[in-house]
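Hello,

Here is the structure I promised to pass on. Please open it and keep it beside you as you read the notes below.

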Amino acid sequence: EEASRVVVHFKETGRAAQTLVIGQEAGSKLVYGKVLPQGDVFIFSSHSSQLLTQAPRDFRDLRLIDFSLPDVQSFEIMDGSMKAELKRQGEGWVVGSANPPLPQGFELDVLAVEARLQVLKNYRAKALAPDTEPRKTKFKRSKKKVIVTLGDGSTRKVEFGAAAEVNGETMLYARGAIDTALYYADQGSLGAVLSDMKSMGKKVAPQRPNLGNLDPSS
């Protein structure tokens with residue numbers, strides 16, 4: 001009676017509901033399961049068991065920001081001492097400011113900038129975080145953030161605060177522009193949205209070596 005149960009109700013009229021009962025461990029990373037009303041007993045993975053017994057809050061959309069890419073007029077990135085601002089100019093993008101300075105001749109790749117914005121739009125936190133005292137989250141001292149400015153002058157901000165150990169993993173407190181909830185963000189995932197400007201620069205094709213009279217195709 002204390003076992004977890006997953007009940008499936010079908011659209012088809014006259015088709016009875018089926019119940020999966022999840023039992024005890026059957027070995028390393030395995031658990032027993034039983035389907036009702038048939039009563040068939042089988043073994044399946046603990047991982048599948050965890051997916052099946054998620055609570056409603058586990059299905060929450062964990063995105064931190066939402067915007068329309070064509071509406072973005074500029075965005076700022078801050079990661080420690082690295083700060084940069086990119087501005088839309090016609091059909092392309094230009095660097096408004098950058099610290100540390102970019103190498104001479106640096107040129108933005110428009111597709112790389114658009115891809116970065118898409119990654120930011122799709123970025124998801126790891127999980128909701130419990131209510132925590134502001135002095136522990138340290139958002140006031142945050143040096144990891146992205147601020148997006150839209151055509152109407154409004155802004156959207158995602159920022160990351162202090163680190164926290166969660167189930168043996170290093171997380172950062174995070175908050176975004178969709179709601180006022182507090183989240184955990186996987187520290188290892190931040191590079192996708194906070195990596196330096198050079199990752200959005202045009203790639204210079206390597207020069208072909210001088211082979212004299214040799215035919216490179218041979």
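**What was found**

E133 counts as partly exposed, because its relative accessibility is 42%. The cut-offs are these: buried is under 20% relative accessible area, exposed is over 50%, and partly exposed is in between (1.4 Å probe, protein chains only).

Before going on, note that this is a predicted model: local features need pLDDT of at least 70, side-chain atom pairs count only at pLDDT 80 or more, and totals for chains, interfaces and linings use all residues. Residues are numbered from 1 along each chain as its sequence is written, and side-chain values use heavy atoms, with hydrogens and water left out.

**Salt bridges**

A salt bridge here is a side-chain nitrogen of Lys or Arg within 4 Å of a carboxyl oxygen of Asp or Glu. The count by this rule is nine.

E133 is the partner of R135 in one of them, with the closest N and O atoms 2.7 Å apart. R135 is exposed, at 60% relative accessibility.

R60 pairs with D179, and their closest N and O atoms are 2.8 Å apart. R60 sits in the loop between helix 1 (46–52) and strand 5, and D179 in the loop between strand 11 and strand 12 (183–186), so the pair ties together parts that are 119 residues apart in sequence. Helices (H or I, at least four residues) and strands (E, at least two) are DSSP runs, numbered from the N terminus. Both partners are partly exposed: R60 at 35% and D179 at 27%.

K121 bridges to D66, with the closest N and O atoms 2.7 Å apart. K121 is in helix 2 (residues 110–122) and D66 is in the loop between helix 1 and strand 5, 55 residues apart. K121 is buried, with a relative accessible area of 18%. D66 is partly exposed, at 38%.

**A buried lysine**

K145 lies in strand 9 (residues 144–150). Leaving aside neighbours within four places in sequence, K145 is in contact (heavy atoms within 4.5 Å) with E76, I77, M78, V158, E159 and L194.

S74 lies in strand 5 (residues 72–79). S74 is buried, at 9% relative accessible area. Not counting residues up to four places away in sequence, S74 touches residues including W93, I147 and V148.

Y173 is in strand 11. Y173 is also buried, at 9% relative accessibility. Y173 and K138 are 35 residues apart in sequence, and 8.5 Å apart in space, C-alpha to C-alpha.

**Pockets**

On a 1 Å grid over the protein atoms alone, a pocket is an open set of points where a 1.4 Å probe fits, with protein on both sides within 12 Å along at least five of seven lines; lining residues have an atom within 4 Å of a point. Grid points are joined across faces, edges and corners, and a volume is the space filled by probe spheres set on the points.

The largest pocket holds about 260 Å³ of space. Its lining includes R60, K126 and Y184.

The second largest pocket holds about 200 Å³. Among its lining residues are R135 and K138. Helix 3 (residues 134–137) gives the largest share of that lining, three residues.

Best wishes
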